[in-house]
Amino acid sequence: MHTITSTEYDSPIGPILLTFIDEALVRLDVAHDGIDIARADIAQRLGVMPEPDPAAGADLARQLDEYFDGARRTFDVALDWRLVRGFTRAALDASRAIPYGEVASYGEVAVMAGVPRAARAVGTACASSPFSIVVPVHRVVRADGSIGEYGGHPEVKQFLLSLEDETVRSGALRVAG
């Protein structure tokens with residue numbers, strides 16, 4: 001029997017619902033349409049309503065605070081891939097290799113994922129990522145350098161890219177604390 005929990009995180013880009021199965025993140029949902037809709041969506045996907053438990057996401061919340069403060073470049077959290085199918089896993093894994101503060105095109109990520117002609121599939125994978133921010137699909141851009149839609153919220157993608165760019169330009173990570 002698995003323990004399925006969720007907690008809310010208040011971020012600079014809006015409310016985020018963090019959902020865990022046992023100790024692994026199964027979904028990070030930037031709840032643009034509200035936490036209640038995000039809860040209903042994950043309950044439908046998992047077939048059960050996660051139990052609210054702020055302690056479950058405390059470590060990831062701390063890491064997100066550090067990321068948004070410019071003091072963290074990568075995340076140390078176990079991922080539960082059960083909501084990811086097929087090529088999406090390869091595309092998301094490939095996007096994890098894009099360095100902080102840099103971008104890669106959908107086509108470049110397709111090559112990194114081992115399927116050079118799958119640029120459109122990379123776009124679909126990024127749009128359906130259950131691990132937004134933690135798996136940095138915001139670093140994947142169009143071939144012409146434009147940022148794309150990011151699930152209908154290009155302003156969020158621009159915020160994340162600008163945050164990383166500013167941190168890199170400052171010359172060093174800010175001190176967490």
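This report looks at the pockets and salt bridges of a predicted model.

## The largest pocket

Rolling a probe the size of a water molecule over the atoms shows where empty space is left. The largest pocket has a volume of about 410 Å³. Its lining has 22 residues, and the closest to the centre are Arg 27, Ala 127, Ser 129, Ser 132 and Gly 151.

Strand E3 (24-30) and helix H5 (119-127) each supply at least two lining residues. E3 gives the most, with 4 residues. By type, the lining divides into 10 nonpolar, 7 polar and 5 charged residues.

## The second largest pocket

The second largest pocket holds about 200 Å³ of space. Of its 13 lining residues, Thr 74, Phe 75, Arg 96, Val 134 and Pro 136 are the closest to the centre. This lining has 9 nonpolar, 1 polar and 3 charged residues.

## Salt bridges

Side chains of opposite charge can pair when their charged atoms come close. The count here is 12 salt bridges. One of them joins Arg 27 and Asp 41, with the closest N and O atoms 3.5 Å apart. Arg 27 lies in strand E3 and Asp 41 in helix H1 (residues 35-46), so the pair ties together parts 14 residues apart in sequence. Arg 27 is buried, at 12% relative accessible area. Asp 41 is partly exposed, at 21%.

Glu 164 and Arg 139 also form a salt bridge (2.8 Å, N to O). Glu 164 lies in helix H6 (residues 154-169) and Arg 139 in the loop between H5 and strand E6 (140-141), so this pair links parts 25 residues apart in sequence. Both Glu 164 and Arg 139 are buried.

Key: Residues numbered from 1 in each chain as written. Predicted model: local features only at pLDDT ≥ 70, side-chain atom pairs only at ≥ 80, totals over all residues. Heavy atoms only, no water. 1 Å grid on protein atoms, 1.4 Å probe; cavity = no way out; pocket = protein on both sides within 12 Å on 5 of 7 lines; lining within 4 Å. Points joined across faces, edges and corners; volume = space filled by probe spheres on them. Nonpolar A, V, L, I, M, F, W, Y, C, P; charged D, E, K, R; others polar. Salt bridge = Lys/Arg side-chain N within 4 Å of Asp/Glu carboxyl O. Buried < 20%, exposed > 50% of the residue type's maximum accessible area, 1.4 Å probe, protein only.
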